[in-house]
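Here is my note on the model you sent.

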Amino acid sequence: MLEHREFVPPMLGVGYDNMDEVKWESLVIEVTDYLNADESLDGALKQVVELHLQVGQENPNEREAAANALKALLKGRDG
């Protein structure tokens, strides 16, 4: 059984100026693992989260905005 604790994506409390590839990939892995583990997550919310990940993957200049949006969407959720 999964342990329920508040989901806080890594590094989201830290500024993302000039986010490097390693930090971004770490965030992508953590958020993707969360999406795969939480079967109760609303389908529409899951799509929005996946879209923000896609935007960051396709345009590194948008990673800071995508990371901030992910923080707002996932803050305080169990995971």
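**Notes on the helix packing**

1. The crossing of α1 and α3 is left-handed; a crossing gets that label if the near helix is turned anticlockwise from the far one by less than a right angle, and right-handed if clockwise. The two helices pack at an angle of about 30°, with their axes 12 Å apart. That makes α1 roughly parallel to α3. Angles under 35 degrees count as roughly parallel, over 145 as roughly antiparallel, 65 to 115 as roughly perpendicular and the rest as oblique. Axes are lines fitted to C-alpha atoms, for helices over the stretch in contact, and angles run from 0 to 180 degrees between N-to-C directions.

2. Some ground rules. This is a predicted model, in which local features need pLDDT of at least 70 and side-chain atom pairs count only at pLDDT 80 or more, while totals for chains, interfaces and linings use all residues. Numbering starts from 1 along each chain as its sequence is written, and side-chain values use heavy atoms, with hydrogens and water left out.

3. The overall layout. The protein has three helices and zero strands. From the N terminus on, its elements run α-α-α. Helices (H or I, at least four residues) and strands (E, at least two) are DSSP runs, numbered from the N terminus. Of the 79 residues, 28% count as buried. Buried means under 20% relative accessible area, exposed over 50%, and partly exposed in between, with a 1.4 Å probe and protein chains only. Among contacts with a separation of 6 or more, residues 24 or more positions apart account for 64%. Contact means heavy atoms within 4.5 Å.

4. Back to α1 and α3. On the α1 side, Glu21, Trp24, Leu27, Val31 and Tyr34 take part; they meet Arg63, Ala66, Ala67, Leu70 and Leu74 in α3. By class, this contact has eight nonpolar, no polar and two charged residues. Ala, Val, Leu, Ile, Met, Phe, Trp, Tyr, Cys and Pro count as nonpolar, Asp, Glu, Lys and Arg as charged, and the others, Gly among them, as polar.

5. Next, α1 against α2. Their axes are 11 Å apart and the packing angle is about 160°. The two helices are therefore roughly antiparallel to each other. α1 passes α2 in a left-handed crossing. The contact is made by Trp24, Glu25, Val28, Val31, Thr32 and Leu35 of α1, with Lys46, Val49, Glu50, His52, Leu53, Gly56 and Gln57 of α2. These residues divide into six nonpolar, four polar and three charged.

6. Then α2 against α3. The axes of α2 (residues 43-58) and α3 (residues 63-74) come within 8 Å and cross at roughly 160°. That makes α2 roughly antiparallel to α3. α2 passes α3 in a left-handed crossing. Leu45, Val48, Val49, His52, Leu53, Gly56 and Gln57 in α2 meet Arg63, Ala66, Ala69, Leu70, Leu73 and Leu74 in α3. The residues of this contact divide into nine nonpolar, three polar and one charged.

7. Where is the largest nonpolar core supplied from? It has 15 residues, and those with the most contacts inside it are Trp24, Leu27, Val31, Leu35, Val49 and Leu53. α1 (21-37), α2 and α3 each supply at least two residues of this core. α1 gives the most, with six residues. A nonpolar core is a set of buried Ala, Val, Leu, Ile, Met, Phe, Trp, Tyr and Cys residues joined through side-chain atoms within 4.5 Å. In soluble globular proteins, nonpolar side chains tend to be buried together.

8. Leucine 27 is found in helix α1 and, at 0% relative accessibility, counts as buried. Its C-alpha atom is separated by 8.1 Å from that of alanine 67, 40 residues apart along the chain. Valine 28 also lies in α1. Valine 28 counts as buried, at 15% relative accessibility. Leaving aside neighbours within four places in sequence, valine 28 is in contact with Leu53 and Gln57. Valine 28 and glycine 56 are 28 residues apart in sequence and 9.1 Å apart in space, C-alpha to C-alpha.

9. Leaving aside neighbours within four places in sequence, leucine 41 is in contact with Tyr34, Leu35, Lys46 and Arg77. The C-alpha atoms of leucine 41 and aspartate 78 are separated by 9.7 Å, and the two are 37 residues apart along the chain.
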